[in-house]
Amino acid sequence: MRIKSLLALFAAVSCVAKQPPRQPPAQPEEPVIRVEVNLVNLFFSVRDRKGGYVSNLGKDDFTVYEDGKPQEVRFFSRETNQPLTLGLLVDVSRSQESLIEVERRASVRFFERVLKEKDMAFLISFGVDAELLQDHTGSPVLLAKALERLRLNAGVSGMSPTGSPVPLPGGPRGTILYDAVWLAAREKLRGEVGRKALVVITDGVDVGSRVKLEEAIEEAQRADAIVYVILFEDPRYTSWQYGGVSGEAAMRRMAEETGGRVFRVSRRESLDDIYDTIQTELRSQYSIAYAPTNQARDGSFRRIEIRTKNRNYRVQVRKGYYASKD
């Protein structure tokens, strides 16, 4: 199943039908008071100086700031098994050709370990275009079957190398990394509730995306999605094909702005090791909800900061959110 043409998506206008207001009872025995409060929900983790996860803190250990102003925390939880919607994005461009089999085997094991009851996951591959290999499912078996369909996607024309009519105008294309993140956040995560995360396996180099890095980050923030990036590189390509250009800086920005992290596969840390770390982090998160003092839904970006009483602790949380009407 292929994701809709990027060109068509960018031109589309979404409309949301407004539901008519509920009619009050004809003769209510008591007055009914309705109060509408916009809550900001945050999922975050805390680590000590050695990088270990701190999971025994309470509500009073945290102070939340929005645009520099302290906020009142309405809800707090240390639960580590809240339902999760997870998207795995795998780079299958030419530079990843020799790594695809390793990615496939490790990803099968990751889904088997990370998915719990009520969790959902989907799989997207991307090269010169993006392909949805498996839609939302809680089945590791279906995800494993989808991973078997990972294939090199390295055409250099404006068409999919498989011959599918997915037009990519604008001349030769490379790796549409930013487009893939934008699509996953907008099409697969924005409508979901609860914890949401994207795991992106790539060398970090984008060649030919229509959206800019900033737009991909914004879409992930609007979807309340944490982005984890796993840098997996074939030295034969990173050393010469891109003239020594590295996508690490862009990937670090994307991860940090959304409350995630960047990992690098190396001799000291395998892809399996990194997957285990991500799994542990996803199960070691805190949850906070607060009603912002600024209740205006004006579409502006609000900066968020969470501080702990212990200065040796580091809070990993997204940098902010958009106060949009929807």
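Tutor: Strand β9 (residues 226-231) pairs with β10 in the parallel sense over three bridges, where strands are DSSP runs of E of at least two residues and helices are runs of H or I of at least four, numbered from the N terminus, and two strands pair if DSSP finds at least two bridges between them. Within this pair, L231 stands opposite R264 in β10. The model is predicted, so local features need pLDDT of at least 70 and side-chain atom pairs count only at pLDDT 80 or more, while totals for chains, interfaces and linings use all residues. Residues are numbered from 1 along each chain as its sequence is written, and side-chain values use heavy atoms, with hydrogens and water left out.

The two strands belong to an open sheet of six strands with mixed pairing, in the order β7-β6-β5-β8-β9-β10. Its edges are β7 (130-137) and β10 (262-264); each has a single partner strand, so one side of each is left without a neighbour in the sheet. Direction ignored, neighbouring strands of this sheet are turned by 15° against each other on average. Helix α3 (residues 140-147) packs on the sheet and touches β5 (84-91), β6 (120-126) and β7, contact meaning heavy atoms within 4.5 Å. The direction of α3 makes about 170° with that of β7; axes are lines fitted to C-alpha atoms, for helices over the stretch in contact, and angles run from 0 to 180 degrees between N-to-C directions.

The antiparallel strands β4 and β11 (residues 286-290) are joined by four bridges, and S77 has S287 as its bridge partner in β11.

Turning to helix packing, the axes of α2 (residues 100-114) and α8 (residues 271-282) come within 10 Å and cross at roughly 25°. That makes α2 roughly parallel to α8, a term for angles under 35 degrees, with over 145 counted as roughly antiparallel, 65 to 115 as roughly perpendicular and the rest as oblique. The contact involves, among others, V102, A106 and F110 of α2 and L271, Y275 and I278 of α8.
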